[in-house]
Amino acid sequence: MRFDVITLFPELIEPFLRTGVTRRAFDSGAVEVRVWPLRAYADGNYRRVDDRPFGGGPGMVMLPEPLYRCWQAVRADRGLPPRRAPGAAVDVPTVLFAPAGAVLSHATVARWARPSQPGAILVCGRYEGVDQRFVDACVDELISLGDFVLSGGEIAAVALLDAVARLQPGVLGDADSASQDSFHPALDGLLDCPHYTRPEVWPGPAGPMAVPSVLLSGHHAHIEAWRRQQRLLATARARPDLLAQARQAGRLSETDERWLAQTLGL
Ligand code: ADE
């Protein structure tokens, strides 16, 4: 799959493609990423990319024309016609990162990560936003990283690329480790359990802290039961909405329910 990132700050994107476990996905081309410097598609000596908002108000708005030219260049590079007829099927989707989008979730990442996906054109907004006419004409989907405002969409684009890359086969060392992550359906959409490594007793700032003894027991079934309980506990505390979803979807066993009732009175 191929992702084209349209941005005013290519230098923010590129280091992430060369770092960490996900580098394998980008280097191998399993997830191909091309970064497009938006300013190169702007006019004049100043290569202006933004202007004041009509109607007044704070900040600047990104001009539609440089975005449109860059978007067309990306489409041409993908061998696609420079524009899509109104109502035509989406050939390659265009995503704009903005606080007004749907919040990115595991389900959305998993959808983008499917090998059958063509990838997407990712547009990173900056300033107060993007002229709505470009959004109406060219954008298929708005994605947000959460209920807060970033200075631009680059961090969100990198978040999506990283999350998609780590779901590609062979990217994580242990073939199974993505399925052991928080939010993964294999773990019923719960949060991950705590992890421990050496030493067995860490001196700690307020005295010795031991690893939970069950993890040293070698008893696989007990370890799995403890991890399940810890996932339930972490989810009940931090994300009761996810616990309610898992319950509603019938993903909690009788053992889970008994443990939640006994331990948390839920
Ligand atoms: N750009 C500005 N804020 C954002 C957010 N919360 N998510 C994605 N892109 C953004």
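This section describes the overall architecture, the ligand site and selected local features of a predicted model.

The predicted protein comprises 9 helices and 10 strands. Along the principal axes, its C-alpha atoms fill a box of roughly 70 × 45 × 40 Å. The domain assignment divides the protein into domain 1, covering residues 2-165, and domain 2, covering residues 182-263. A distance of 37 Å separates the C-alpha centres of domain 1 and domain 2. Of the 266 residues in the protein, 39% are buried. The accessible surface of the protein amounts to about 15000 Å², and carbon and sulfur atoms contribute 55% of that surface.

The ligand is surrounded by residues from two stretches of the sequence and by Ala-156; the surrounding residues include Phe-97, Ala-98 and Pro-99. Also among them are Ile-143, Ser-144, Leu-145, Gly-146, Phe-148, Val-149, Leu-150 and Gly-152. A backbone N or O atom of Ala-98 is located 3.3 Å from a nitrogen atom of the ligand. For Gly-146, a backbone N or O atom likewise lies 3.3 Å from a nitrogen atom of the ligand. In the case of Leu-150, a polar backbone atom is 2.9 Å from a nitrogen atom of the ligand. On its own, the ligand has 260 Å² of accessible area, of which the protein covers 96%.Leu-145 and Leu-150 are also touched by Ile-155, when residues up to four places away in sequence are not counted. Ile-155 is found in helix α6 and counts as exposed, at 54% relative accessibility. Between Ile-155 and Ala-40 there are 115 residues of separation in sequence and, from C-alpha to C-alpha, 21 Å in space.

Helix α9 spans residues 254-264, and its buried residues are Asp-256, Trp-259 and Leu-260. Viewed down the axis of α9, these buried residues fall within an arc of 100° and therefore line one face of the helix. The packing partners of the buried residues of α9 are α7, residues 220-238, and α8, residues 240-248. Exposed residues Glu-254 and Gln-262 are carried on the face of α9 turned away from its buried side. Just after α9, the backbone at Gly-265 adopts a positive phi of about 65°.

Backbone geometry was also examined in the loops. Most residues other than glycine have a negative phi, and most peptide bonds are trans. Asp-188, although not a glycine, has a positive phi of about 60°. This residue, Asp-188, lies in the loop between α6, residues 154-166, and β9, residues 201-202. Asp-188 has a relative accessible area of 17% and is therefore buried, the cut-off for burial being under 20%. Leaving aside neighbours within four places in sequence, the contacts of Asp-188 are Arg-228, Ala-246 and Arg-251. Pro-199 is likewise found in the loop between α6 and β9. The peptide bond leading from Arg-198 to Pro-199 is cis, and its omega is near 5°.

A positive phi, of about 45°, is also found at Arg-47, which is not a glycine. Arg-47 belongs to the loop between β2, residues 32-37, and β3, residues 50-51. With a relative accessible area of 36%, Arg-47 is partly exposed, whereas Asp-188 is buried.

Note on methods:
Residues numbered from 1 in each chain as written. Predicted model: local features only at pLDDT ≥ 70, side-chain atom pairs only at ≥ 80, totals over all residues. Heavy atoms only, no water. Buried < 20%, exposed > 50% of the residue type's maximum accessible area, 1.4 Å probe, protein only. Helix = DSSP H or I, 4+ residues; strand = E, 2+ residues; numbered from the N terminus. Arc of directions from axis to C-beta. Contact = heavy atoms within 4.5 Å. Near = heavy atom within 4 Å. Polar contact = N/O pair within 3.5 Å; in protein donor to acceptor, adjacent residues only side chain to side chain. Areas by Shrake-Rupley, 256 points an atom, 1.4 Å probe, with all protein chains shown as cover. Domains from an automatic or database assignment.
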